[in-house]
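Subject: Structure handover and notes

Dear colleague,

Please find below the structure that I promised to pass on. My notes on what was found in it follow directly after.

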Amino acid sequence: WLLLAIGGIVLYALVTPRIYSGPGVRPKVALADIRGGIKSALGKYKVDNGHYPIGTNGLLALCQKTDDATNWHGPYLDKLPIDPWATPYFYECPGRHNTKSYDLFSAGPDGRIGTEDDIGNWQK
């Protein structure tokens, strides 16, 4: 049993990095962040304060109270989230794509906003 367990650990160590480090994984992680934890934190903020954080620095309002937060019960996030390319996520409210709510996005692998590789909450 010991040899079987060690063999399983070695196999896991060899295969796992290849599965999770492929070129298609980082965009999926970014989308999961955008559609998951960050979206949830923004929703909780809105429930408490009656609106989403305002402006381009709104994600900071999820970590610390800002002047426009009238009923803040955070922190909604422990720290500002970064994307899989080690760049902060971008937030705009009102959004350019979602004009009645917010845009939340990663600048993608090239790190530049407004290019083809951006990954945002407006995408299907």
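**Notes on the model**

Leaving aside neighbours within four places in sequence, L62 is in contact with A41, L42, Y45, P53, W72, P75, Y76 and L77, where contact means heavy atoms within 4.5 Å. Before going further, please note that this is a predicted model, in which local features need pLDDT of at least 70 and side-chain atom pairs count only at pLDDT 80 or more, while totals for chains, interfaces and linings use all residues. Residues are numbered from 1 along each chain as its sequence is written, and side-chain values use heavy atoms, with hydrogens and water left out.

**Core and aromatic rings**

L62 is also one of the residues that touch the most other members of the largest nonpolar core, a set of 22 residues in which L42, L59, Y91 and L104 share that standing. A nonpolar core is here a set of buried Ala, Val, Leu, Ile, Met, Phe, Trp, Tyr and Cys residues joined through side-chain atoms within 4.5 Å, and buried means under 20% relative accessible area, with exposed over 50% and partly exposed in between (1.4 Å probe, protein chains only). The elements that give two or more residues to this core are α2 (25-35) and α3 (37-49), and α3 supplies the largest share, four residues. Helices (H or I, at least four residues) and strands (E, at least two) are DSSP runs, numbered from the N terminus. As general background, nonpolar side chains tend to be buried together in soluble globular proteins.

Three of the residues that L62 contacts, Y45, W72 and Y76, form one aromatic cluster. Rings of Phe, Tyr and Trp (its six-membered ring) are taken to pair if their centres lie within 6.5 Å, and planes under 30 degrees apart count as stacked, over 60 as edge-to-face and the rest as tilted. By this rule the count comes to six aromatic pairs; among them is the edge-to-face pair of W72 and Y76, with 5.7 Å centre to centre and 90° between the planes. Both W72 and Y76 are buried.

**The sheet**

An open sheet of three strands has the order β1-β2-β3, with antiparallel pairing, where two strands pair if DSSP finds at least two bridges between them. The edge strands, each pairing on one side only, are β1 (90-92) and β3 (119-120). Three bridges join β1 to β2 (residues 103-106), with E92 opposite D103 and Y91 opposite L104. On the other pairing, two bridges join β2 to β3, and F105 has G120 as its bridge partner.

Within β2, S106 counts as buried because its relative accessibility is 0%. S106 touches A30, I34, D83, W85, Y89, D118 and I119, not counting residues up to four places away in sequence, and a polar atom of the S106 side chain lies 3.0 Å from the backbone nitrogen of G108.

In strand β1, E92 counts as buried because its relative accessibility is 14%. The side chains of E92 and R96 are joined by a polar contact of 3.4 Å; a polar contact is a pair of N or O atoms within 3.5 Å, and within protein one must be able to donate a hydrogen and the other to accept it, with residues adjacent in sequence counting only if both atoms are side-chain atoms. With neighbours within four places in sequence left aside, E92 is in contact with G55, T56, S101, Y102, D103 and F105.

**Backbone and cysteines**

Two cis peptide bonds deserve a mention: the bond from G74 to P75 has omega near 10°, and the bond joining C93 and P94 has omega of about 0°. P75 is placed in the loop between α3 and β1, whereas P94 lies in the loop between β1 and β2. A86, found in the loop between α3 and β1, has a positive phi of about 65° although it is not a glycine, and A86 counts as exposed because its relative accessible area is 60%.

The structure holds zero disulfides, a disulfide being a pair of cysteine sulfur atoms within 2.5 Å. C63 counts as buried at 18% relative accessibility, and C93 counts as buried at 15%.

With best regards
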